[in-house]
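This report examines a protein chain through its strands, its helices and a few individual residues. Please keep the model in view while reading.

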Amino acid sequence: MSLSDPLGDMLTRIRNGQMRGKESVLMPASRFRGNVLDVLQREGYIKGFKKLEIANNKNEFKIELKYVDGQPVIKSISRVSKPGRRVYSNIKDLQRNFDGLGIYILSTSKGVLSDSEARVESVGGEILCKIF
């Protein structure tokens, strides 16, 4: 099945899994999704993820969700730039998400980075999603 927005699908699977209290969620693997998951893991929003090989030489990611005292670490996760409307920003113009408590994930010329990493690198790009 072809998806028009694979990143939006991934974010929805994470959101739904946490609402149901799941320990982990599965989704088709891709390099782009893996880069976004790397950022989520570095920033402490998920425990980790593994690439699993399934039949017919296809791969899936198994994402281990993170909870604190039974509550999900991710309170809000939403897509900013969508296939029908791309959103780009200079790093100087990018506002802090929830006064610095949340993050934006950006696709930049230096790879997929969180907003704090992009500020250090001094690069802007496409705002993929925001997480709190």
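## Basis of the description

Helices (H or I, at least four residues) and strands (E, at least two) are DSSP runs, numbered from the N terminus. The model is predicted: local features need pLDDT of at least 70, side-chain atom pairs count only at pLDDT 80 or more, and totals for chains, interfaces and linings use all residues. Residues are numbered from 1 along each chain as its sequence is written, and side-chain values use heavy atoms, with hydrogens and water left out.

Arg-33 lies in helix H2, which covers residues 31-42.

A contact means heavy atoms within 4.5 Å. Leaving aside residues up to four places away in sequence, Arg-33 touches Leu-3, Pro-6, Asp-9, Met-10, Met-27, Pro-28 and Phe-61.

## The three-stranded sheet

Strands of a sheet pair through backbone hydrogen bonds, either parallel or antiparallel. Here two strands are said to pair if DSSP finds at least two bridges between them. Three strands form an open sheet in the order E1-E3-E2, with antiparallel pairing. Its edge strands are E1 (24-28) and E2, each of which pairs on one side only. Angles in this report run from 0 to 180 degrees between N-to-C directions, and axes are lines fitted to C-alpha atoms, for helices over the stretch in contact. On average, neighbouring strands of this sheet are turned by 25° against each other, direction ignored.

E1 and E3 run antiparallel and are joined by five bridges; Leu-26 stands opposite Lys-62 in E3. Helix H1 (residues 6-19) packs on the sheet, where it touches E1 and E3, and its direction makes about 160° with that of E1. H2 also packs on the sheet, touching E1, E2 and E3, and the direction of H2 makes about 155° with that of E2.

## Strand E10 and its partners

Strand E10 (residues 125-131) is mostly covered, as six of its seven residues are buried. E10 pairs with E6 in the antiparallel sense over three bridges, and Ile-77 stands opposite Ile-131 in E10. Two bridges join E7 to E10, again antiparallel; Ser-89 has Gly-125 of E10 as its bridge partner. Strand E8 (residues 103-108) runs antiparallel to E10 and is joined to it by six bridges, with Tyr-104 opposite Lys-130 in E10.

Which residue lies with its C-alpha atom 7.8 Å from that of Leu-128? This residue is Lys-82, 46 residues away along the chain. Lys-82 is found in the loop between strand E6 (77-79) and strand E7 (88-89), and at 45% relative accessibility Lys-82 counts as partly exposed.

## Two loop residues with positive phi

Most residues other than glycine have a negative phi. Asn-56, however, has a positive phi near 60°. Asn-56 sits in the loop between strand E2 (46-54) and strand E3 (58-65), and its relative accessibility of 69% means that Asn-56 counts as exposed.

Asp-69 is likewise not a glycine, and its phi is positive at about 55°. The loop between strand E4 (67-68) and strand E5 (71-72) holds Asp-69. Because its relative accessible area is 76%, Asp-69 is exposed.

Terms used
Buried means under 20% relative accessible area, exposed over 50%, partly exposed in between (1.4 Å probe, protein chains only).
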